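Try each one before reading its solution.

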Amino acid sequence: SRAGEGAPRTVDHAVIGGVVAVVVFAMLCLLIVLGRYFARHKGTYFTHEAKGADDAADADTAIINAEGGHTNSDEKKEYYI
């Protein structure tokens with residue numbers, strides 16, 4: 001006969017608890033990282049349009065009544081060859 005045949009099997013609860021704790025911690029970290037990513041990349045963006053453009057009747061009036069910003073277009077020129 002074998003020596004340990006009739007002995008009940010013992011489950012190491014510390015190992016199971018450790019594995020569960022690591023999995024829960026990994027899921028929590030993943031949720032935090034995804035939450036920060038989605039909070040930063042909401043799909044909103046900011047434009048640099050003139051602030052008085054909403055009240056203007058047409059595009060020319062909006063440019064004339066613009067508050068700063070793009071009044072002088074000679075500052076930056078880009079040349080493509």
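**Exercise 1.** What percentage of the 81 residues in the protein is buried?

*Solution.* Start with the ground rules: this is a predicted model, where local features need pLDDT of at least 70 and side-chain atom pairs pLDDT 80 or more, while totals for chains, interfaces and linings use all residues. Numbering runs from 1 along each chain as its sequence is written, and side-chain values use heavy atoms, leaving out hydrogens and water. Now apply the cut-offs: buried means under 20% relative accessible area, exposed over 50%, partly exposed in between (1.4 Å probe, protein chains only). Buried residues come to 2%.

**Exercise 2.** Find what the span 14–34 is made of.

*Solution.* UniProt's unreviewed entry annotates residues 14–34 as "transmembrane region"; such annotations may be inferred rather than shown by experiment. Next, check the span: it's 100% helix and 0% strand, with its end C-alpha atoms 30 Å apart. Helices here are DSSP runs (H or I, at least four residues), and strands are E runs of at least two. Overall, the protein has two helices and zero strands.

**Exercise 3.** Classify the aromatic pair.

*Solution.* Rings pair if their centres lie within 6.5 Å; planes under 30 degrees apart are stacked, over 60 edge-to-face, the rest tilted. The structure has one such pair. The ring centres of Tyr37 and Phe38 sit 5.5 Å apart with planes at 65°, so it's edge-to-face.

Definitions and conventions
Rings of Phe, Tyr and Trp (its six-membered ring) pair if their centres lie within 6.5 Å; planes under 30 degrees apart count as stacked, over 60 as edge-to-face and the rest as tilted.
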